[in-house]
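Look at the sequence and the fold together. Then try each question before you read its answer.

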Amino acid sequence: SNPLTDDILINNIVTLYGDNFGPDPGSDGEVRIGTAAQYATNPFTQGIVLPRVDWDSLNIRVGIDKPYVPDAAVGRTDVVIWVIKAGQATQALGLEILPDTCP
């Protein structure tokens, strides 16, 4: 499965907590999602930029499209999310993506 091209099942909101994010994303701030391999390759050019729902100095809320996970699968652990701010990339935070349980 590829989190960048698979069918979208549901929309989700993820909140990242931390500090020193700044009062807003500014011209150089963004949140990205991709695989751990993509992050390791280049966090500034890999992954996809997520739509921001809210952003302040202590948390960032972003909307993500859940990558497709077949119902028979146990889930995925290769999806990560990270923040780019003031030309620096944070460490990647792992997301566990579970199979969709909605009818």
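The questions below go from the whole chain to single residues.

This is a predicted model, in which local features need pLDDT of at least 70, side-chain atom pairs count only at pLDDT 80 or more, and totals for chains, interfaces and linings use all residues. Residues are numbered from 1 along each chain as its sequence is written, and side-chain values use heavy atoms, with hydrogens and water left out.

Q: In what order do the elements of the chain run from the N terminus on?
A: Helices (H or I, at least four residues) and strands (E, at least two) are DSSP runs, numbered from the N terminus. The chain has one helix and eight strands. Their order is β-β-α-β-β-β-β-β-β.

Q: What percentage of the residues of the chain count as buried?
A: Buried means under 20% relative accessible area, exposed over 50%, and partly exposed in between (1.4 Å probe, protein chains only). The chain has 103 residues, and the buried part is 34%.

Q: Which residue forms a salt bridge with E30?
A: Side chains of opposite charge can pair when their charged atoms come close. A salt bridge needs a side-chain nitrogen of Lys or Arg within 4 Å of a carboxyl oxygen of Asp or Glu. The whole structure holds one. Its closest N and O atoms are 2.5 Å apart, and the partner of E30 is R32.

Q: Is R32 buried or exposed?
A: E30, its partner, is partly exposed, at 22% relative accessible area. R32 has a relative accessibility of 10%, so R32 counts as buried.

Q: How are the rings of Y39 and W82 arranged?
A: Rings of Phe, Tyr and Trp (its six-membered ring) pair if their centres lie within 6.5 Å; planes under 30 degrees apart count as stacked, over 60 as edge-to-face and the rest as tilted. The whole structure has one aromatic pair. The ring centres of Y39 and W82 are 5.1 Å apart and the planes stand at 70 degrees, so the pair is edge-to-face.

Q: Which parts does the pair of Y39 and W82 tie together?
A: W82 is buried, at 1% relative accessibility. Y39 and W82 are 43 residues apart in sequence, so the pair ties together helix 1 (residues 36-41) and strand 6.

Q: What is the phi of N20?
A: Most residues other than glycine have a negative phi. N20 lies in the loop between strand 1 (11-17) and strand 2 (30-35). It is exposed, at 70% relative accessible area. Its phi is positive, near 65 degrees.
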